[in-house]
Amino acid sequence: MKNSGKVVIVTGAASGIGKGIATRLLAEGWQVVAADRDVMGLADLADQPGNHRLQAVVTDVSKGEEVKNLIARTLERHDRLDAIVSNAGISEFKSLAESTLEDWNRVLAINLTGAFLLAKEGEHALRAAKGAMVLIASSRAHMSEPDTHAYSASKGGQVALSHSLAISLGPDVRVNCISPGWINVSGEALSGKDHAQHPAGRVGTPDDIAAAVSYLIGEDAGFVTGAELIVDGGMTRKMIYV
């Protein structure tokens with residue numbers, strides 16, 4: 001185990017990438033505060049063997065009072081906060097004609113405003129700990145399929161927000177972002193074609209993102225801030241002609 005006693009908040013921790021991140025950091029000795037709107041998912045995570053160091057806090061990161069409560073409950077139990085992983089996010093893929101202002105605002109509120117609120121409310125504790133923050137963005141910040149307007153905009157915003165926070169919070173707090181590509185969060189069986197289209201030879205897993213988070217919030221990344229780490233099996237570098 002590493003990092004025994006250090007405390008990290010992981011949002012969107014009840015499933016998918018967030019669950020993978022929380023599970024890895026627990027195994028490395030972190031005290032993990034898992035936040036999500038999914039009550040049942042959080043309960044399932046907390047019930048996993050060896051998760052006695054996990055604190056589950058039901059949180060909607062788009063709501064300022066709930067984020068304040070998350071930070072307060074973390075400090076009440078642990079009296080410190082060393083890292084935040086802003087992973088909570090939703091997608092809403094619709095054509096422009098079908099998209100409503102409410103759709104747009106909901107996606108940005110959770111994906112982008114949530115990251116801002118976590119940084120704002122966690123600033124004092126992170127500065128005191130000389131800590132780190134990681135935002136989970138997406139390769140869709142750089143490339144798109146049709147009808148991904150709000151999602152792509154929110155992820156591009158996270159990339160920009162991460163380097164803005166790095167400058168504002170430095171040198172006390174390091175802030176970076178990770179932009180995943182295709183990550184098989186469901187564990188479903190995929191075709192050979194799905195894997196072969198990636199220069200790395202396979203589709204990604206939550207463990208790939210968790211490994212990147214572990215590095216960026218750890219001591220080995222002490223000279224890394226304001227950076228974007230694209231973890232996509234090389235797809236954003238692949239030239240494709242149809």
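Helices here are DSSP runs of H or I with at least four residues, and strands are runs of E with at least two, numbered from the N terminus. The model is predicted.

**The largest pocket**

Three elements, α1, β2 and α5 (149–169), each supply at least two residues of the lining of the largest pocket. Among the elements, α1 gives the most, with 3 residues. The pocket holds about 1,200 Å³ of space. Its lining counts 42 residues, and the closest to the centre are Ile17, Ser138, Arg140, Tyr151 and Gly181. By class, the lining has 18 nonpolar, 16 polar and 8 charged residues.

| Helix | Residues | Buried residues | Packs against |
|---|---|---|---|
| α2 | 39–46 | Gly41, Leu42, Leu45 | α1 (16–27), β2 (31–36), β3 (54–58) |
| α7 | 206–216 | Pro206, Ile209, Ala210, Ala212, Val213, Ser214, Leu216 | α1, β4 (83–86), β5 (132–136), β6 (174–180), β7 (228–231) |

In α2, Gly41, Leu42 and Leu45 are buried. Seen down the axis of α2, its buried residues fall within an arc of 100°, so they line one face of the helix. These buried residues pack against α1, β2 and β3.

Helix α7 buries Pro206 and Leu216, among others. Its buried residues pack against α1 and against strands that include β4 and β7.

Helix α1 links these themes. It supplies residues to the pocket lining. The buried residues of α2 pack against α1, and so do those of α7.

Terms used: Residues are numbered from 1 along each chain as its sequence is written. This is a predicted model: local features need pLDDT of at least 70, side-chain atom pairs count only at pLDDT 80 or more; totals for chains, interfaces and linings use all residues. Side-chain values use heavy atoms; hydrogens and water are left out. Buried means under 20% relative accessible area, exposed over 50%, partly exposed in between (1.4 Å probe, protein chains only). The arc is that of the directions from the helix axis to the C-beta atoms. Contact means heavy atoms within 4.5 Å. On a 1 Å grid over the protein atoms alone, a cavity is a set of points where a 1.4 Å probe fits but cannot get out, and a pocket is an open set with protein on both sides within 12 Å along at least five of seven lines; lining residues have an atom within 4 Å of a point. Grid points are joined across faces, edges and corners, and a volume is the space filled by probe spheres set on the points. Ala, Val, Leu, Ile, Met, Phe, Trp, Tyr, Cys and Pro count as nonpolar, Asp, Glu, Lys and Arg as charged, and the others, Gly among them, as polar.
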